[in-house]
Amino acid sequence: MQARGSREQEARDYLEKHRIMELLNYLTSTLLFFRPEKPREYLISVLERLRIAKMTGLAFPFFMDHSNIVSMFEMMDTSNKGTISFVQYREALKTLGLLTADEVLKDDGHAVTLDKFRREVAPRAVKRGINIL
């Protein structure tokens, strides 16, 4: 039993060390935002640009515009109430790579409106090098 738990922990440590889950979340969210005609080729090109950015030391230019933020909010607001829950908000931030694993968000007990979602997402994106157009 001990060996199994150890292997699982080693796997988690490896994924965390190399930020694999953040990468997969980013790839998935950009794929859903842009919905390219050829998704495999798109993902390969994103990974290639990341590799070049890492080799050259240049920052990879991540871009998101306000319509992407609105689209994500609307995907979560399936009942068109104009609000999403705190849990949905937190999961959106994780999906976009805008919430670190150790970061704790404070739930104020209120639903999250589109305006609040925009105000919260934009500075987090900029802080992590994602340009808002």
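Here is a walk through the fold, the salt bridges and the surface patches of this chain.

Keep in mind that what you're looking at is a predicted model. The chain has 6 helices and 4 strands, and if you trace the elements from the N terminus they go α-α-α-β-α-β-α-β-α-β. As for what's tucked away, 26% of the 133 residues are buried.

Let's start with the charged pairs. Helix α6 itself covers residues 114–127. How buried or exposed are the two partners? Arg-124 has a relative accessible area of 12%, and since the cut-off for buried is under 20%, it counts as buried. Glu-103 comes out at 28%, which makes it partly exposed. The two side chains also show up as a polar contact of 2.9 Å.

Next, have a look at Glu-22 and Arg-19, whose side chains form a salt bridge with an N to O distance of 2.8 Å. Here Glu-22 is partly exposed at 38% relative accessible area, whereas Arg-19 reaches 52% and is exposed, because the line for that is drawn at over 50%. Another salt bridge joins the side chains of Lys-116 and Asp-108, at 3.1 Å from N to O. Asp-108 is partly exposed, with a relative accessible area of 40%.

Now for the surface. Tyr-14, Leu-15, Met-21 and Leu-24 make up a nonpolar patch of about 380 Å². Which helices does that patch draw on? Both α1 and α2 (20–34) supply at least two of its residues each. Met-21 is found in helix α2, and its relative accessibility of 45% puts it in the partly exposed class. Patch members need over 30% relative accessible area, so at 45% Met-21 clears that cut-off.

Glu-10, Asp-13, Glu-16 and Asp-102 form a negative surface patch. Take Asp-13 as the example: it lies in helix α1, which spans residues 2–17, and it is partly exposed with a relative accessible area of 41%.

Methods: Residues numbered from 1 in each chain as written. Predicted model: local features only at pLDDT ≥ 70, side-chain atom pairs only at ≥ 80, totals over all residues. Heavy atoms only, no water. Patch = residues over 30% accessible without salt bridge, like charges linked within 9 Å, V, L, I, M, F, W, Y side chains within 5 Å. Areas by Shrake-Rupley, 256 points an atom, 1.4 Å probe, with all protein chains shown as cover. Salt bridge = Lys/Arg side-chain N within 4 Å of Asp/Glu carboxyl O. Lys, Arg positive; Asp, Glu negative; His and termini not counted. Charge placed at Lys NZ, Arg CZ, Asp CG, Glu CD. Buried < 20%, exposed > 50% of the residue type's maximum accessible area, 1.4 Å probe, protein only. Polar contact = N/O pair within 3.5 Å; in protein donor to acceptor, adjacent residues only side chain to side chain.
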